[in-house]
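Please look over the sequence and the structure shown here before reading on. The paragraphs that follow lead from the chain as a whole to its helices, its cores, its surface and its charged pairs.

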Amino acid sequence: MNRSEKKRSQRIFEILIVLKVIYMLLGVLALISSVDIEKSINVYLLMIYSIVILAFMTLYFIWISKFTRHTEDKKFKQSYVFEIVLLLMIFITVLSGTGLYQSAYKFICIFIILIGAIQFGSIPSLIISVASGLIIISIDVLVISNENILSLYFERDLVLMSTIVVTSYILGMYVNIEKEYSKELSELVNVDELTNLYNHRYFQEYLDKSIEYSIDYKKSVSLLFMDIDFFKNYNDINGHQAGDRLLQKMGIILKSNIRENDIVARYGGEEFAAVLPNTTEEDAIKIGERIRKAVENTNFEGQDKQPNKNVTISIGVSSYPNRAKSKHQLIKIADDALYRAKSFNKNRVETYHNVLDDLCANIMIEDKTVRSIKAFISMINLKDKYTYGHTERVVNYSKYFAKHLNLKEDEEIKLRIAAYLHDIGKVDIPEGVLNKKDKLTDREFSILRNHSQYGVDLIQNIKQFDPFISLVKHHHERYDGNGYPDKLKGKEIPYLARMLTIADSFDAMTSNRPYNSRKSHNEAIEELKINAGTQFDPKLVEEFTNMLEIYKDKF
C-alpha cells in the first residue's frame with residue numbers, strides 16, 4: 001500500500017469511527033431521554049445504567065478499532081457481519097426503549113447504512129437498508145392493533161423505508177465509483193505503461209508486504225530476477241520499436257506463467273522481477289523453468305538475428321528466509337543468481353550459493369576470514385563485472401576437471417578454492433585498465449600482470465591460505481617458461497597451477513572481455529591444442545578437452 005492509499009485508508013477509518021461514535025451517542029441519549037426518573041428509577045440506578053452503557057461503548061470501540069482499520073477494500077467477512085448485526089440490535093433496542101412505532105429515533109438507522117456503504121459498498125449497504133426498513137415495518141405490524149393507527153404509521157414508515165433504500169443504493173453506487181476510480185489511479189501509479197506489468201515502485205512495496213507475511217506466518221517468499229538475453233543486440237539490429245514490442249510480448253508471457261497471488265514487475269530496462277509469496281526455493285525454480293521454456297518456445301519478430309537464433313531469458317532465484325535473511329540480501333542473492341545464469345551461457349535458471357562457504361568449511365577457515373575474502377571479491381565485482389562471472393566459471397571448470405582426473409578430495413578442494421582466489425589481486429588494479437576496450441599498452445599490461453603478486457600479498461598472512469599461495473601466484477606461468485611472475489617451466493610449475501591455467505585461459509577465450517573478442521568452444525579447444533607444449537601442459541590439455549566432452553551438459 002503506497003503513501004496515498006495509506007492516507008486514504010486512514011481518512012476512511014477516521015470517518016467510520018466518527019459515524020460509529022455519533023450512532024452510539026445518539027442511541028445512548030435516546031435511551032436516557034426516554035427514562036422518567038421520578039416514576040421509574042432513581043438517580044443511582046440511572047448512574048449504574050449509564051456506566052454499563054459507557055462500558056459497552058468502550059468495549060465496542062476497542063473491537064471496531066481492531067477490525068475496521070483498512071477494511072474498506074476487504075471482503076464482507078463474518079466479523080463484519082457480526083458488527084452490522086450488533087449495530088442493528090442496538091437500533092432495535094433504541095426503538096424498544098423510545099416508544100417502538102412512535103419512536104422519534106427511527107432515523108438513526110441511516111448511520112448503519114452509511115457505515116455499510118463506506119465500509120463494504122452498494123450491495124451490503126442495500127441489504128442493511130432493507131433490514132432496517134423491515135425492522136421498522138415489523139414493529140408496526142406486531143405492536144399496533146388498531147387498523148387506523150397501523151395504516152397511518154405503516155404508510156409513513158413505508159415511505160421512510162423507500163427513502164432509506166434509495167438513499168443507500170445511490171450512496172453505495174457513489175462509494176463503488178470512488179473505489180473504482182481510486183483503483184484506476186492506483187494502477188496508473190503502480191503499473192508500467194509499456195508492458196502493463198507492475199513497476200519497480202510497486203515491486204518494492206509488495207516485496208515488503210510479502211516478507212512481513214513470511215515473518216508473521218513462518219512461510220517462505222521467493223524472488224525471481226529475469227533478464228532478456230542479448231537485448232541490446234536485438235535493439236541495435238531490429239530497432240527500438242521492435243524492442244518495445246518484444247517487451248510488451250514478454251510482459252504477457254510472464255503474467256500468464258505466474259500464479260494468482262504472485263506478481264511480476266518490470267524492474268528496469270529489460271529486467272523483470274517476480275515476487276512469489278508462500279513459495280519455497282524449489283517451487284520457485286520450477287516456476288522459473290516454466291517461464292524460461294515459455295519464452296524459448298515463443299516466436300519473436302527478428303529472433304533469427306540473435307546470436308543463438310532465438311529470444312531467451314536468464315533467471316536468478318532467491319528465497320527468504322532459507323537463503324536470505326533480509327530484503328536487501330534477498331534482492332542481492334537473486335541478482336547474483338541472475339548474473340550467474342548470464343555468465344553460464346544464458347537461457348537458464350540459477351540459484352546462487354557462494355562456493356567459498358562450503359569449500360572453506362572443509363578446511364576450517366574462520367567465518368571472519370571468509371567474509372574478508374568475499375568483501376574483496378565484491379570490490380572487484382564493482383570495478384569489473386567480468387571477473388565475477390569468470391571466477392564462477394573457472395571454479396566450475398576446475399570442479400569437473402578435478403573429478404575427471406580423479407584427484408583426491410583435498411586436492412580438488414584446494415584447486416577450487418585457488419580458482420576462486422586466483423584473480424583476487426585485481427582489487428588493486430585500476431578500473432581503467434580492467435575495463436579498457438582497446439588493446440592494452442605495454443605499461444597497462446605490465447600493471448595487469450601484477451595482479452598475481454597482489455593476490456599473494458592479500459592472502460599470505462592468512463595461515464589457512466598457505467596451500468593456495470603458489471597456485472594464485474603461478475596461474476599465469478607458461479609451460480615453455482615465458483610466463484609470469486617467475487618464468488617457471490614445465491613441471492617446475494605446480495601441477496594444480498597448470499590445471500588452473502588451462503581452465504582460466506579457456507574461459508577467458510570463450511567470454512566477452514573488454515579487450516578480446518569471444519571464441520566459440522570449438523575455437524577455444526583448437527587454441528588450447530595449438531598452444532599445448534608452449535603455453536599449456538600438453539597432457540593436461542588433452543585431459544581438459546576430454547573432460548569438456550564428457551561433462552558438456554554442465555557448462
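**A walk through the model**

Of the 555 residues in the protein chain, 48% count as buried, where buried means under 20% relative accessible area, exposed means over 50% and partly exposed lies in between, with a 1.4 Å probe and protein chains only. This is a predicted model, in which local features need pLDDT of at least 70 and side-chain atom pairs count only at pLDDT 80 or more, while totals for chains, interfaces and linings use all residues. Residues are numbered from 1 along each chain as its sequence is written, and side-chain values use heavy atoms, with hydrogens and water left out.

The protein chain holds 22 helices and 5 strands, these being DSSP runs numbered from the N terminus, with helices (H or I) of at least four residues and strands (E) of at least two. Among contacts in the protein chain between residues at least 6 apart in sequence, 70% join residues at least 24 apart, a contact being heavy atoms within 4.5 Å. The accessible surface of the protein chain comes to about 28,600 Å², and 55% of it belongs to carbon and sulfur atoms; such areas come from the Shrake-Rupley method with a 1.4 Å probe, and for residues only the protein chains shown count as cover.

We turn next to the interior. In soluble globular proteins, nonpolar side chains tend to be buried together. A nonpolar core is taken here as a set of buried Ala, Val, Leu, Ile, Met, Phe, Trp, Tyr and Cys residues joined through side-chain atoms within 4.5 Å. The largest such core has 48 residues, and those that touch the most other members are I373, L421, F506, L528, F544, M547 and L548. Several helices each supply at least two residues of this core, among them helix 13 (367–383), helix 14 (385–404), helix 15 (409–421) and helix 21, while helix 20 gives the most, with 8 residues. A second, separate core of 30 residues includes L88, F91, F120 and I136.

Which residues of helix 21 (residues 521–530) are buried? They are A524, I525 and L528, and, seen down the axis of helix 21, the buried residues fall within an arc of 100 degrees, so they line one face of the helix; the arc is that of the directions from the helix axis to the C-beta atoms. The face turned away from this buried side carries the exposed residues N522 and I530. Cover for the buried residues of helix 21 includes helix 20 (495–509) and helix 22 (538–550). Leaving aside residues up to four places away in sequence, L528 touches I502, F506, M509, F536, V541 and F544.

Nonpolar residues are also found on the surface. V141, L142, V143, F154 and L158 form a nonpolar patch there, with about 450 Å² of accessible area together; patches are made of residues with over 30% relative accessible area and no salt bridge, like charges being joined within 9 Å and nonpolar side chains (Val, Leu, Ile, Met, Phe, Trp, Tyr) within 5 Å. The elements that give two or more residues to this patch are helix 5 (122–143) and helix 6 (147–190), and helix 5 provides the largest share, 3 residues. L142 is found in helix 5 and, at 72% relative accessibility, counts as exposed.

The charged pairs come last. Side chains of opposite charge can pair when their charged atoms come close. With a salt bridge defined as a side-chain nitrogen of Lys or Arg within 4 Å of a carboxyl oxygen of Asp or Glu, the count comes to 24 salt bridges. In one of them the side chains of D157 and K106 meet at 2.9 Å, N to O; D157 lies in helix 6 and K106 in the loop between helix 3 (78–97) and helix 4 (109–120), so the pair ties together parts that are 51 residues apart in sequence. D157 is buried, with a relative accessible area of 4%, and K106 is buried as well, with 9%.

Another salt bridge joins D236 and K232, whose closest N and O atoms are 3.0 Å apart. Being 4 residues apart in helix 8 (residues 231–238), D236 and K232 are separated by about one helical turn. D236 counts as exposed at 52% relative accessibility, and K232 is exposed with a relative accessible area of 61%. Finally, R340, R348, E350 and E392 are linked in a network of salt bridges.
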